[in-house]
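Open the model in your viewer and keep the selection panel at hand. This tour goes from the whole chain to single side chains.

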Amino acid sequence: MASSSNGASSGSNTLGSSSSSEDFQQILDERKRKRMVSNRESARRSRMRKQEHLDELMGHVSELTKLNNQILTSINVTSQLYLNVEAENSVLRAQMSELSTRLQSLNEIIDFINSSNGVLGSDKFNQAAYYHPRHQINDDTFMNPWNSFSVNQSFMASADMILY
């Protein structure tokens, strides 16, 4: 009897084992299915985050490209203005050089006239005698600065005249 009860018990254990292994397999299959669904959802969220990040980066690229174009335009405008100012400065340097030469020539003429006046007796100069026909000074006696070749020569200034 003991053995028959043992046999019956072992037979029910086998049946119990079989149904319990099917239950266990169903539980594993259910877990596997839930894990697959969860992984799919996680992958979908990851793709969405990746797409949002990509859209955000593309927006930054667009903004930076626009800013870069504005900066390049600003640089081009500034460079053109610089070139214009540099050309104008070259013309002004040439004009300054020309005017300095003229001023030096005029100062030399003034010095020459002042030193020539000393010949006439600067302190005791008598204007009546100066205008006397016998003592009248001829215009050709002194160099006429306005007829001088160097003063009457016209100058044209250009940006190419001055080299650095």
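Start with the cartoon view. Read along the sequence, the pattern is α-α-α. There are three helices and zero strands. Keep in mind that this is a predicted model.

**The whole protein**

Switch to a surface view. The protein exposes about 14,300 Å². Carbon and sulfur atoms supply 57% of that area. Now colour by burial. Of the 164 residues, 5% are buried. Next, display contacts between residues at least 6 apart in sequence. Of these, 76% join residues at least 24 apart.

**Stop 1: a positive patch**

Select R31, K32, K34 and R35. On the surface, these residues gather in a patch of positive charge. Zoom in on K34. Where does K34 lie? K34 is in helix α1, which covers residues 2-119. Is K34 buried or exposed? Its relative accessibility is 52%, and the cut-off for exposed is over 50%, so K34 counts as exposed.

**Stop 2: R33 and E30**

Stay in this part of the sequence and select R33 and E30. Side chains of opposite charge can pair when their charged atoms come close. R33 and E30 form a salt bridge. Their closest N and O atoms are 2.4 Å apart. Why are R33 and E30 separated by about one helical turn? Because they sit three residues apart in helix α1. Now check how open each partner is. R33 has a relative accessible area of 45%, so it is partly exposed. E30 is also partly exposed, because its relative accessibility is 33%.

**Stop 3**

How far apart are the closest N and O atoms of the salt bridge between E41 and R45? The distance is 3.9 Å. E41 and R45 are four residues apart in helix α1, so about one helical turn separates them. E41 is partly exposed because its relative accessibility is 29%. R45 has a relative accessible area of 40%, so R45 is partly exposed as well.

**Stop 4: a nonpolar patch**

Select L64, L67, I71, L72 and I75. What do these side chains form on the surface? They make a nonpolar patch. Together they have about 450 Å² of accessible area. Click on I71. This residue is placed in helix α1. With a relative accessible area of 42%, I71 falls between the cut-offs of 20% and 50%, so I71 is partly exposed.

**Stop 5: R93 and E86**

Finish with R93 and E86. Their side chains meet in a salt bridge, at 3.9 Å from N to O. R93 is partly exposed, because its relative accessible area is 32%. How exposed is E86? At 21% relative accessibility, E86 counts as partly exposed.

**Before you close the viewer**

Show the salt bridges together. How many are there, counting a side-chain nitrogen of Lys or Arg within 4 Å of a carboxyl oxygen of Asp or Glu? The count comes to five. Among them are R33 with E30, E41 with R45, and R93 with E86.

Key
Residues are numbered from 1 along each chain as its sequence is written. This is a predicted model: local features need pLDDT of at least 70, side-chain atom pairs count only at pLDDT 80 or more; totals for chains, interfaces and linings use all residues. Side-chain values use heavy atoms; hydrogens and water are left out. Patches are made of residues with over 30% relative accessible area and no salt bridge: like charges are joined within 9 Å, nonpolar side chains (Val, Leu, Ile, Met, Phe, Trp, Tyr) within 5 Å. Accessible areas come from the Shrake-Rupley method with a 1.4 Å probe; for residues, only the protein chains shown count as cover. Lys and Arg count as positive and Asp and Glu as negative; His and the chain ends are not counted. The place of a charge is taken as NZ of Lys, CZ of Arg, CG of Asp or CD of Glu. Helices (H or I, at least four residues) and strands (E, at least two) are DSSP runs, numbered from the N terminus. Buried means under 20% relative accessible area, exposed over 50%, partly exposed in between (1.4 Å probe, protein chains only). Contact means heavy atoms within 4.5 Å.
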